[in-house]
Structures are given as structure tokens and as C-alpha cells.
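These are my notebook entries on a structure that I looked up.

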Amino acid sequence: MAEERTVQRESTVPTGADAASRATRRAWRERLNSQASRRMIIGVLCALFGGSFWGFSGTAASALFDVYHVDTMWLMSTRQLLAGGLFMIVILLFDRKRFIKLWTTPSHRRQQLVFTFCGLLANQFFYLNSVRLTNAGTATVLQCLQLVFIMAYTCVSAHRRPRKREIAGLLLALAGTLLISTGGDLTRLSIPPLGLAMGLLTALGAALITILPVKILPVYGSTIVTGSAMFLSGIVTSLFVQPWRNIPPLDLGGVEMLAVFVLIGSFLAYLLYMQGVKNIGSMRAGLIGTTEPVSATVTSALMLGTAFSGTDIVGFVLIIAMMFLTV
């Protein structure tokens, strides 16, 4: 219907050479450019805040692991069930028809299932195991290799070479992430073979989160696509983990951290980031999404009292420079 309305509007644009026709066409072009600019700005902001909110997720998860000794699989399963449940409430209240259409359209249902299990679930599973086998800094650096996968896919699918700005943005993003995650001490990147394998699979899963739903996102929106994947993966993992059987003893502070992890670091982070992918594409959203380590460092300082280092500041500058270069 949207395409039909666009065609109808375009058919009303005069094609004559007179001054009035030229003025009408010029106004039409300006209106289209304005719409594209608004879409770009919204997409950039969504990818920026989505990536930043993932930093809240990392900070809250660290507190839950270190202070309350929460099991990683329990946290992953609980996160998916609770955040997925929030998505489902929004979907059933406001967008039930499109949700039903997604799951009753065979080709779109297949794409959704592949995104759910090969993208979202795989990324979360391999990331947690990468952290367990190495450390959080190493896992973050390895996950940022998703940018290489995304760039390769984007260039192959578009039959083109990487642009200079994309290569420069990739290098700045990786350098900034490396500095923030390791403090400039590369010896902290202790990578056993299995940990390296898990980290590379994490990067692949993160890239697939950005690439796989590109065709269905414009049709159904980020809420339905992301929420369906989150809730379905939560149901599947809960069958194995059964989080209701082993609830950790959390005080008020622990509940608050869990709320931050679910509401900000999962529900809002995925909702906004996927909207960014929809608006500005996989490559640009993936680069802007590397604001996660910046956000994680800042929120750790504010919530847990950790201090900034000089390498953190340099890493911030590199990632901010990447964002200006990318946009």
C-alpha cells in the first residue's frame, strides 16, 4: 500500500518545462530529501542509543556475576524470557495483525527462524562462553570483528569494493574498542584456542543479527522481528536451563541490576539498534553500534565506581571520530 501511494503521488508531479512545473518538481525533490534526512537522523540516533544501551547490559551483567554470582545461562535465559515478554505485550496490544502475518507467511517465517537461532540466540550463547573462556575485554574485541563480516557481506552483495570511509571507520572502531577493552595492554588478550573459536562465532552471530533480518524489518518493524526472536529463544533456552528452578538470592540492589539488564540493556537496546539497521543499513549501524564499550566504561564508572584511564579517553576519541566519519 505504501508503494502504491508513493506511485500515485509521483504520478501527480508535472513533467512540463514551464516555470510552474519546474517549481513543483523542485519542491517534490526537497520534500523527498527532507524525508530521507529525517530517516537517516532517526536511524543514526537509534543505532547510537541501542549500542550505548548494550553497555548498560555489560555493566549490569558484571555486577550480577561478581557480586551475586549469577549463573550465565540462567541470566541469558531470564533475559530473553523477560525482555521477550515485554516485546510480546507491546506487539499484542498494538501490532497483532502484522505479528500474525509474519508467522503465517512461510518465506518470512523461515527468515525469522533463521534470525532467531543463527543470529540472536547464537550471538548471546557464544558471547557468554567467550567471556567464560577468556575475559570480558577479549570477548568484546573479538565480537567487534563482526564489522569485518558485515563489510564483506555488504561489498559482495552490492558487487563493490569497500569505500575508503568504511575502511577508515572499521580501523578506528577496532582500535578504539581494543584500547578500551584492554587498557592498551595487549597481554590481557589471553586467547586459548577454544576461546578464540567462541569469540569468532560471537562475531559471526553479531554480524548475522545485523544482516539476516534486513528484508523483513521494513515489512514488520523492529518490535515484531526482535521481540519474536527474543521471546522464542527465551522459550527454547528455558526448556534446558529451567530458570525458575534455580533463582539466585538477590537483594534490592540485585533486582535493580537485573531490571537495568532486562529493560535497558536488552529490551531498549535491541529495539533501538534493530530500528537503526532498518533505517541506515547493516554497515553503518554496525559501525555506530561499537559505542557499546564506551557506554560500558562510562556506566561502570558511574554505577560501580571504576575509574577512567588515559587509554579509555583515547579509545573514546577514536570511536567518536569513527561516528562522525561514518555519518
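I looked up Phe49 and found it partly exposed, because its relative accessibility is 43%; buried means under 20% relative accessible area, exposed over 50%, and partly exposed in between, with a 1.4 Å probe and protein chains only. Phe53 is buried, with a relative accessible area of 18%. I note that this is a predicted model, in which local features need pLDDT of at least 70 and side-chain atom pairs count only at pLDDT 80 or more, whereas totals for chains, interfaces and linings use all residues. Residues are numbered from 1 along each chain as its sequence is written, and side-chain values use heavy atoms, with hydrogens and water left out.

Both residues belong to helix H2 (residues 19–66), and because they are four residues apart there, about one helical turn separates Phe49 from Phe53. Helices (H or I, at least four residues) and strands (E, at least two) are DSSP runs, numbered from the N terminus.

I then counted aromatic pairs. Rings of Phe, Tyr and Trp (its six-membered ring) pair if their centres lie within 6.5 Å; planes under 30 degrees apart count as stacked, over 60 as edge-to-face and the rest as tilted. By this rule the count comes to three aromatic pairs. The ring centres of Phe49 and Phe53 are 6.2 Å apart and their planes stand at 50°, so this pair is tilted.

Entry 2, a pair between helices. The rings of Phe87 and Phe267 have centres 4.6 Å apart and planes at 55°, so I recorded this pair as tilted too. Phe87 lies in helix H3 and Phe267 in helix H11 (residues 252–280), so the pair ties together parts that are 180 residues apart in sequence. Both Phe87 and Phe267 are buried.

Which residues does Leu75 contact, leaving aside its neighbours within four places in sequence? I found Ala61, Leu64, Phe65, Val70, Leu258 and Phe261, where contact means heavy atoms within 4.5 Å. Leu75 is found in helix H3 and is buried, with a relative accessible area of 3%. From Leu75 to Val262 I read 9.7 Å, C-alpha to C-alpha, although they are 187 residues apart in sequence.

Ser77 is also found in helix H3. Its relative accessible area is 0%, so Ser77 is buried. With neighbours within four places in sequence left aside, Ser77 is in contact with Gly234, Thr237, Ser238, Val241 and Pro243.

Where is His69 placed? I located His69 in the loop between H2 and H3. The phi angle of His69 is near 55°, a positive value in a residue other than glycine. His69 counts as exposed, at 63% relative accessibility.

Gln242 has its place in the loop between helix H10 (217–241) and H11. Its phi is near 50°, again a positive value in a residue other than glycine. Gln242 is partly exposed, with a relative accessible area of 27%.
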